[in-house]
Amino acid sequence: MNTRGCLGISYMKPSCSILTLGRSSSIFGCPLLKHGPCTKYNLPKSQLKLYCLMETNCCPDKNVLGFRSVIDSHRRVFCGSGSNSVRPRVSSANGVKNNNFFTSVIANVASNTRNHSDSVESRVNENSFEKIYIQGGFNVKPLVIKKIEEGQDLLGKDEEKNKEYKVKVNANIDQLSKPEVTESTLGGDVFEVEKEAWKLLRGAVVNYCGNPVGTIAATDHPADNQPLNYDQVFIRDFVPSALAFLLNGEGEIVNNFLLHTLQLQSWEKTVDCYSPGQGLMPASFKVRTLPLDGRDGEFEDVLDPDFGESAIGRVAPVDSGLWWIILLRAYGKITGDYTLQERADVQTGIKLILNLCLTDGFDMFPTLLVTDGSCMIDRRMGIHGHPLEIQALFYSALRCSREMLTVNDSTKNLVVAINNRLSALSFHMREYYWVDMKKINEIYRYKTEEYSAEATNKFNIYPDQIPSWLADWIPDTGGYLIGNLQPAHMDFRFFTLGNLWSVISSLSTSEQSEGIMNLVEEKWDDLVAQMPLKICYPALEHEEWRIITGGDPKNTPWSYHNGGSWPTLLWQFTLACIKMGRTELARKAVKLAEKRLLVDDWPEYYDTKHARFVGKQARLKQTWTIAGYLTSTILLDNPELASLLFWEEDYEVLENCVCGLTNEPRKCSRFAARSRTAV
């Protein structure tokens with residue numbers, strides 16, 4: 001990456017210094033200050049008051065350079081000095097290794113924090129949700145965090161202050177003692193698996209300026225010492241890790257992660273002189289520790305994000321922002337701390353993501369149009385267009401946002417847009433993506449080239465597109481949502497993540513959700529086999545593989561994204577099973593995984609049709625494999641917690657129709673199809 005910088009967050013322990021920089025430096029309408037040693041600065045009384053303590057050479061009895069604070073226990077604020085550096089500095093004098101640090105900068109709040117933050121929200125156009133402004137636009141630079149080594153006496157005082165900032169969890173989590181979560185009572189072998197899993201998960205935690213901010217993708221690297229991007233923190237990969245920590249009563253790392261990635265959202269991102277929308281979240285970020293130029297023994301922590309400009313194929317991570325919103329809701333539900341999602345900067349972050357997703361375009365469908373490789377399947381696999389995984393996550397993110405957005409004059413139009421999209425999207429997916437034996441037989445008898453608003457074959461699907469394997473594979477009592485739908489094209493492959501998340505989010509109807517679970521049970525040997533779960537079924541083979549993947553040597557048949565088995569899908573399968581009252585299926589899958597994961601050293605994926613081999617290029621000690629297993633075991637031991645993570649049917653969405661076609665001669669397709677769609 002050519003651009004590099006560092007960010008800080010406002011909702012942090014007071015032991016973390018927070019500085020801010022930018023070409024037009026300001027935070028929520030408060031201009032930043034120029035920094036010079038031994039100088040006292042003042043803002044207007046209506047704004048923040050920041051006082052500089054003397055540096056060592058100016059104030060011998062103090063070893064701390066920064067600001068003192070009086071911060072309300074429930075509020076935080078971005079603030080700092082106007083240093084010319086764009087990176088945080090973690091000083092280690094004379095190279096002495098010491099883990100004890102003390103904050104160099106703390107804020108002094110002279111007025112209500114939210115009053116200052118509201119300046120961002122006040123810039124949102126009251127009549128349109130499309131215009132959301134951030135001071136500085138694309139030129140906003142990340143925050144800088146600075147720390148200076150200190151003695152144990154200062155650290156002790158700081159730790160006392162930190163107690164009030166510990167994340168509080170709700171009554172449900174309080175009932176879960178850590179021994180109950182981390183130590184299984186199912187037997188010694190299972191206990192060893194869980195114990196090792198927790199050890200590895202904690203070993204994957206990444207610290208940034210002394211605070212946990214995420215988990216790296218994998219802790220095992222090959223003999224050639226080429227970690228590629230497996231030593232980075234991925235947004236989608238961190239979700240199961242976050243849930244494992246949250247369900248275990250540990251919320252700090254998730255809080256930090258959400259706020260750090262939120263600030264990265266404003267980073268200037270460019271590929272070949274073109275910049276994507278402001279709301280784009282990075283696919284991943286890496287914490288780098290670099291020596292400070294001209295300052296012996298001093299180092300700086302740098303956050304280096306990847307928005308897709310370094311990814312294979314240079315594809316933007318469409319799912320990152322959707323996962324971020326889903327995790328934000330989960331944090332509030334599990335911890336009971338809703339102040340995070342109510343913050344003005346977090347509210348703005350949600351709006352920016354939705355602005356990208358809800359922007360008008362040329363598409364005639366309510367589904368999101370994306371390129372190949374823009375989600376978990378991040379290589380060429382023929383999913384460009386309207387892939388199920390993106391639509392299921394999109395639907396979930398819309399429902400999350402509707403719950404979390406503060407409704408006022410600046411958001412009311414956005415809320416209306418969310419409701420309208422939810423209504424259109426749910427109908428579209430249930431009506432056109434669902435296939436069972438009855439629907440396949442209808443497609444088999446389709447007439448083509450219909451020119452009419454009331455056409456049955458709306459997408460001009462040719463019956464010959466039905467693959468030969470499908471008629472004998474799909475059970476009489478089950479069905480699923482197809483992988484993709486475009487004009488004259490239906491992708492009949494079964495994509496596990498999209499179908500599971502449709503069940504979790506209630507994108508599918510209750511009857512369809514039952515059909516999906518029936519299909520998984522009926523086709524257990526194909527979708528689960530010796531390791532849960534196939535990412536898709538069946539694999540692309542022979543000439544089809546060569547044409548669609550371009551001959552990708554990593555996506556060979558029954559490997560990696562082309563029919564490989566991914567243990568990380570276990571937690572989503574468990575969640576869907578608990579929701580649908582099929583807990584026995586989840587226990588069966590977890591028991592199957594326990595037999596091999598520890599022995600095989602927690603691989604990223606498995607190969608072959610029945611998942612008999614560890615993936616040929618799979619990394620070991622894969623963090624989301626570990627976290628997926630742990631999250632599943634916690635949910636199975638405490639199924640009442642699953643209700644915090646899934647959604648029930650929203651009948652208001654079902655009844656909402658915005659097309660206005662209620663009279664002849666044109667009829668609303670929703671009401672015309674209502675008799676055929678299970679509700």
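Strands E11 (residues 284-291) and E12 run antiparallel and are joined by eight bridges; strands are DSSP runs of at least two residues (E), helices are runs of at least four (H or I), and both are numbered from the N terminus. Two strands are taken to pair if DSSP finds at least two bridges between them. Pro291 lies opposite Phe299 of E12. The two strands form a hairpin with six residues between them, and Gly294 in the turn has a positive phi of about 75 degrees. Strand E12 (residues 298-306) is mostly covered, with eight of its nine residues buried. Here buried denotes under 20% relative accessible area, exposed over 50%, and partly exposed in between, for a 1.4 Å probe and protein chains only.

The model is predicted: local features need pLDDT of at least 70 and side-chain atom pairs count only at pLDDT 80 or more, whereas totals for chains, interfaces and linings use all residues. Residues are numbered from 1 along each chain as its sequence is written, and side-chain values use heavy atoms, without hydrogens and water.

The protein contains 23 helices and 20 strands. Of its 679 residues, 59% are buried. Among contacts (heavy atoms within 4.5 Å) with a separation of 6 or more, 74% are between residues 24 or more positions apart.

Two helix pairs are set out below. Axes are lines fitted to C-alpha atoms over the stretch in contact, and angles run from 0 to 180 degrees between N-to-C directions.

| Helix pair | Axis distance | Angle |
|---|---|---|
| H10 (residues 344-358) and H11 (residues 388-404) | within 11 Å | roughly 140 degrees |
| H15 (residues 496-505) and H19 (residues 570-579) | 9 Å | about 40 degrees |

The angle makes H10 oblique to H11, and H15 is likewise oblique to H19; angles under 35 degrees count as roughly parallel, over 145 as roughly antiparallel, 65 to 115 as roughly perpendicular and the rest as oblique. The contact of H10 with H11 includes Ile350 and Leu354 of H10 and Phe394 and Leu398 of H11. Its residues comprise seven nonpolar, two polar and no charged. The contact of H15 with H19 includes Trp501 of H15 and Trp571 and Lys579 of H19. Its residues comprise nine nonpolar, two polar and one charged. Ala, Val, Leu, Ile, Met, Phe, Trp, Tyr, Cys and Pro count as nonpolar, Asp, Glu, Lys and Arg as charged, and the others, Gly among them, as polar.

Asn638 is located in the loop between helix H21 (623-637) and helix H22 (651-655). Asn638 is buried, at a relative accessible area of 11%. Its C-alpha atom is separated by 9.5 Å from that of Leu247, 391 residues apart along the chain.
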